[in-house]
Amino acid sequence: MQRMIEIILRAEGYRVVTAENEQEARQAVTTEPIRLVLSCWRLGGGTAQGFLEFCLREKPGIKLLVVSGGSPKVPSGWPFLPKPCRPSDLLDAIHKICPD
């Protein structure tokens with residue numbers, strides 16, 4: 001799924017930074033000019049909540065988009081997109097979160 005999303009976003013002209021694990025993702029957030037974090041809610045053996053809260057602390061103003069199958073307990077106010085989704089749904093969600 002990560003590779004498919006990467007291809008879709010690059011085709012739309014987005015600069016994409018990927019990470020294989022939470023440690024790499026945290027490093028990217030602190031060193032790269034990232035405006036939006038797109039993360040699956042399931043991360044390792046738990047959820048992405050701790051990682052996403054880290055993102056909000058490290059880069060105030062950073063945007064989040066959580067994707068997941070099922071019915072995760074995503075904190076109120078965090079944009080959520082259910083999986084599976086169509087590429088157009090993903091792009092629409094991103095454009096709403098980051099309109100420019």
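This is a predicted model: local features need pLDDT of at least 70, side-chain atom pairs count only at pLDDT 80 or more; totals for chains, interfaces and linings use all residues.
Three strands form an open sheet, arranged in the order β1-β4-β5 with parallel pairing. β1 and β5 (80-82) are the edge strands, each of which pairs on one side only. On average, neighbouring strands of this sheet are turned by 20 degrees against each other when direction is ignored. The pairing between β1 and β4, a strand of residues 63-68, is parallel and runs over five bridges. Within this pairing, S39 has V66 of β4 as its bridge partner. Helix α3, formed by residues 49-58, packs on the sheet and touches both β1 and β4. The direction of α3 makes about 175 degrees with that of β1.

A further contact joins α1 and α4, the latter a helix of residues 87-97. The axes of α1 and α4 come within 11 Å and cross at roughly 65 degrees, and the crossing is right-handed. On the α1 side the contact involves I5, I8 and L9. These residues meet P87, L90, L91 and I94 of α4. By class, the contact consists of seven nonpolar residues, with no polar and no charged residues.

The loop between β5 and α4 contains P84. The peptide bond from K83 to P84 is cis, with omega near -5 degrees. In general, most peptide bonds are trans.

The largest pocket has a volume of about 960 Å³. Of the 32 residues that line this pocket, V17, T18, L36, V37 and L38 are the closest to its centre. Elements that give two or more residues to the lining are the helices α1 (2-11) and α2 (22-31) and the strands β1 (36-40) and β2 (42-43). β1 gives the most, with five residues. By class, the lining of the largest pocket has 21 nonpolar, four polar and seven charged residues.

Terms used:
Residues are numbered from 1 along each chain as its sequence is written. Side-chain values use heavy atoms; hydrogens and water are left out. On a 1 Å grid over the protein atoms alone, a cavity is a set of points where a 1.4 Å probe fits but cannot get out, and a pocket is an open set with protein on both sides within 12 Å along at least five of seven lines; lining residues have an atom within 4 Å of a point. Grid points are joined across faces, edges and corners, and a volume is the space filled by probe spheres set on the points. Helices (H or I, at least four residues) and strands (E, at least two) are DSSP runs, numbered from the N terminus. Ala, Val, Leu, Ile, Met, Phe, Trp, Tyr, Cys and Pro count as nonpolar, Asp, Glu, Lys and Arg as charged, and the others, Gly among them, as polar. Two strands pair if DSSP finds at least two bridges between them. Axes are lines fitted to C-alpha atoms, for helices over the stretch in contact, and angles run from 0 to 180 degrees between N-to-C directions. Contact means heavy atoms within 4.5 Å. A crossing is left-handed if the near helix is turned anticlockwise from the far one by less than a right angle, and right-handed if clockwise.
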